[in-house]
Amino acid sequence: MINLCEISRAHFLGSEKGYAAIRELMAPRNYSELLEARLRPNRDFRIGTGNLENVARCLLVAPHGRAIEPGTTDIVLEVARLSRWAYYHFDGRLRRRNWEKLHIASTRFNEPTLLRLLPQTQFVLSFHGEGSKRGRTIYVGGLYDEGRRALLESLNAGLADLGVRALDALASRHAEEIAGRSPDNITNCGRLGAGVQLEFSLGARLAFFESLTRAGRRQPRAALGVLARSIDRALGELTRRP
Ligand SMILES: [Zn+2]
């Protein structure tokens with residue numbers, strides 16, 4: 001239920017923040033609320049999984065894929081292809097308003113297929129699209145300190161030439177809201193109790209695809225391969241540890 005007082009308060013917060021707050025209030029609070037809104041799997045949204053024989057090592061997750069946060073599922077599939085990493089994605093398939101109708105916050109994301117996978121995996125690496133246009137930035141969050149360090153190092157080494165930089169979301173004031181620090185965030189719900197969350201700014205995602213429309217995402221740039229190899233390298237390092 002949308003609370004009108006909250007919406008009017010959101011108006012006063014000013015443009016970008018206010019708009020984000022209103023969208024947040026419109027979005028479903030959990031998976032049952034999404035089903036109650038008569039949204040159906042394989043018609044309005046689709047869940048995809050793969051390489052689950054490797055789920056014990058780690059799990060790549062795009063909970064807001066395709067038309068919800070465009071580019072995130074495509075990045076996950078490219079990383080999964082390299083070393084057969086296990087993956088899960090939840091994709092929006094509506095004609096419009098995918099974010100408002102299908103975006104369940106990461107701290108309340110209780111879709112049953114994912115809930116079954118989380119206790120089977122050591123840690124989660126989740127992929128999100130951050131809405132601001134501020135530069136080509138990947139904010140690296142989540143409670144897994146070693147994981148964050150490995151991803152930051154590998155991403156910055158691989159992507160510096162492309163003008164994309166990875167920042168520690170826990171150390172950046174701007175990124176406080178997307179730092180993925182809650183223990184309820186699906187990122188932190190693997191067996192380790194800590195995972196890594198990547199938030200790609202709009203500008204960063206545009207470095208990997210012609211555009212973020214469906215047609216544009218079908219034409220990845222060579223940079224997508226560089227990104228996937230950088231992530232694969234960090235995951236290799238983290239999962240080889242005893
Ligand atoms: Zn997201």
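Colleague: What makes up the protein chain, in helices and strands?

Modeller: There are ten helices and seven strands. Helices are DSSP runs of H or I with at least four residues, and strands are runs of E with at least two, numbered from the N terminus. This is a predicted model: local features need pLDDT of at least 70, side-chain atom pairs count only at pLDDT 80 or more, and totals for chains, interfaces and linings use all residues. Residues are numbered from 1 along each chain as its sequence is written.

Colleague: Why does the radius of gyration agree with a compact globule?

Modeller: The radius of gyration is taken over C-alpha atoms, and the globule rule is 2.2 Å times the number of residues to the power 0.38. For 242 residues the rule gives a value near 18 Å; the protein chain has 17 Å, so the two agree. Along its principal axes the C-alpha trace spans about 50 × 35 × 35 Å.

Colleague: Why is Gly 129 called buried?

Modeller: A residue is buried if 20 or more other C-beta atoms lie within 10 Å of its own, exposed if 12 or fewer, and partly exposed in between; C-beta atoms are placed from the backbone. Gly 129 has 22 within 10 Å, so Gly 129 is buried. Gly 129 sits in strand 4 (residues 124–129).

Colleague: What does Gly 129 contact, beyond its neighbours within four places in sequence?

Modeller: Its contacts include His 64, Glu 69, Phe 200 and Arg 205. Contact means that two C-beta atoms, placed from the backbone, lie within 7 Å.

Colleague: Is Asn 42 buried or exposed, and why?

Modeller: Asn 42 has 8 C-beta neighbours inside 10 Å, so Asn 42 counts as exposed. Asn 42 is in the loop between helix 3 (31–36) and strand 1 (45–50).

Colleague: And what about Arg 66?

Modeller: Arg 66 has 24 other C-beta atoms within 10 Å, so Arg 66 is buried. Arg 66 lies in strand 2 (residues 59–66).

Colleague: What is the phi of Asn 42, and what is the phi of Arg 66?

Modeller: Asn 42 is not a glycine, yet has a positive phi of about 70 degrees. Arg 66, also not a glycine, has a positive phi of about 50 degrees. Most residues other than glycine have a negative phi.

Colleague: What makes strand 1 and strand 6 (165–168) edge strands?

Modeller: The seven strands form an open, mixed sheet in the order 1-3-2-4-7-5-6. Strand 1 and strand 6 each pair on one side only. Two strands pair if DSSP finds at least two bridges between them.

Colleague: How do you know that strand 1 pairs with strand 3 (residues 86–92)?

Modeller: Six bridges join strand 1 to strand 3, and the two run antiparallel. Thr 49 stands opposite Tyr 88 in strand 3.
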